[in-house]
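Welcome, and please take a look at the sequence and structure below.

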Amino acid sequence: MISDITAIISDYWLLLLIGQYPNGPLGGLANTLILSAFSIALAFPVSILFALARLSKWRLLRWPVTALVYVTRGVPLLMLILWSYFLVPLWTGADVPSFVTMLTTLVVYQGAFLSEVVRGGIVALGHGQMEAAKALGHSYLGAMRFVILPQALYNMIPSIISTFVSTIKDTTLGYVINVPDLTFAASQVNNQLLTQPFQVFLILAVVYYAICWSLTHVANVIERRITRRRAGLTDRAKPVSLAMSKIVSEQP
Amino acid sequence: MTLSDTSAQQPQAIRIANVYKSYGDHPVLKNIDAEVARGEVVVICGPSGSGKSTLIRTINRLEEISSGVISFDGQNIHAPMRTKELNLLRSRIGFVFQNFNLFPHLSVVENVSMSPIRVKGVAPAEAHDKALKLLDRVGLADKANAYPAAAGSDRTCARHGAAGHAVRRTD
């Protein structure tokens, strides 16, 4: 069993790593990582814009984005991928590479999900922080940028990371529209071997697990570091005795 | 802004004239008249729900009024104006919230210096120095780099808030 797996890896590692490249398009793990990185890097700012639009007082911004979020959340990702794969060339006549189709679909889909997370983080902060920022003379966008979002996004790190991880896992669906990613490479290997699907897909599972676990781990480290800094634990000054200073309280 | 000119003609820093405000049918502020001179300390007291906070919040237009005039340094705060103008006006009016609303993601000194840097474009180093001086005045210099959650009691927060808002009075 283990010898099967090492044999598969030693025979097909290059295909799993970079696909047919340089004799064909870049694929395999490299393409999965590129697709994931671009999807996350684009979906994140898009989600913030969506969230701000959803919270906007202007209906012209709020309504279309709300409709988009509802539709996107209510439709399976696979369906969206097939729609954009078949309908966009049909309507526009443009020959869109499947990588671009996959990337755009993922960005819109995960952007919609993530925007609800971001919106939740903003709403959960309450009015106080926005009012304080306004009282200091900040504009709405200034308050969002310097006061609200830094807190809302920090509070939402666990949910944001979950969405990032599911974005990485959703790149596997690119397989149905021939995006040559790691899943695609693995199924090519499986088609050649025919007799060892369990071993091939176990390798696939382990690699995805390693990628997703790394991302979660990095996020946890960042979150812990921010928490420690805000709690004053990394401050070089002597730790303040909270018990001593809590004696006086003027507020109920 | 010709602050010194207007303050020479207008000895009152804040003038509240005939202010009326209601939430639907429920009147909260009924024909309020008041004046606060430069440097004067005024205490507003009354039972809870009598509109003290509402009145104070109208002074920097966190609350709108139904009618009347509130002016700060001779400038009508509730006149129609662009948001940018209002933001600049607000940045000159100190305001400490009942529950302080300090920014938990910024250190004590950043809480005090952020608004001069971001709203007025003061150089970060200069704003930082000024903030440290003001924190020293309220006895918080040793906690300048701590975060609000670690800085201590409510009273500390109040002093902190006061320093934050004093930073704007020095313009």
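Which residue is the bridge partner of Ile16(B) in strand 3 of chain B? The partner of Ile16(B) there is Ile70(B). A word on the ground rules: this is a predicted model, where local features need pLDDT of at least 70 and side-chain atom pairs count only at pLDDT 80 or more, while totals for chains, interfaces and linings use all residues. Residues are numbered from 1 along each chain as its sequence is written, chains are lettered from A and ligands numbered from 1 in the order in which they are written, and side-chain values use heavy atoms, with hydrogens and water left out.

**Strands of chain B**

Helices (H or I, at least four residues) and strands (E, at least two) are DSSP runs, numbered from the N terminus. Two strands pair if DSSP finds at least two bridges between them.

| Strand pair | Direction | Bridges |
|---|---|---|
| Strand 1 (residues 12–23) of chain B and strand 3 (residues 67–72) of chain B | antiparallel | five bridges |
| Strand 1 of chain B and strand 2 (residues 26–37) of chain B | antiparallel | eight bridges |
| Strand 3 of chain B and strand 4 (residues 75–76) of chain B | antiparallel | two bridges |

Follow Ser71(B) in strand 3 of chain B: Arg15(B) stands opposite Ser71(B), and in strand 4 of chain B its bridge partner is Asn76(B). Strands 3 and 4 of chain B form a hairpin with two residues between the strands, and Asp73(B) takes a positive phi near 55 degrees there.

Strands 1 and 2 of chain B also make a hairpin with two residues between them, and Gly24(B) in the turn has a positive phi of about 65 degrees. Val19(B) has Ile32(B) as its bridge partner in strand 2 of chain B.

**Two places in chain A**

Thr72(A) lies in helix 3 (residues 59–74) of chain A. Its relative accessible area is 3%, and buried means under 20% (1.4 Å probe, protein chains only), so Thr72(A) is buried. Leaving aside residues up to four places away in sequence, Thr72(A) touches Leu80(A), Val108(A), Tyr109(A) and Ala112(A); contact means heavy atoms within 4.5 Å.

On the surface, Met1(A), Ile2(A), Phe198(A), Leu202(A) and Val206(A) form a nonpolar patch with about 510 Å² of accessible area together. Accessible areas come from the Shrake-Rupley method with a 1.4 Å probe. Helix 10 (residues 197–230) of chain A gives the largest share of this nonpolar patch, three residues, and Val206(A) is placed in helix 10.

Terms used:
Buried < 20%, exposed > 50% of the residue type's maximum accessible area, 1.4 Å probe, protein only. Patch = residues over 30% accessible without salt bridge, like charges linked within 9 Å, V, L, I, M, F, W, Y side chains within 5 Å. Salt bridge = Lys/Arg side-chain N within 4 Å of Asp/Glu carboxyl O.
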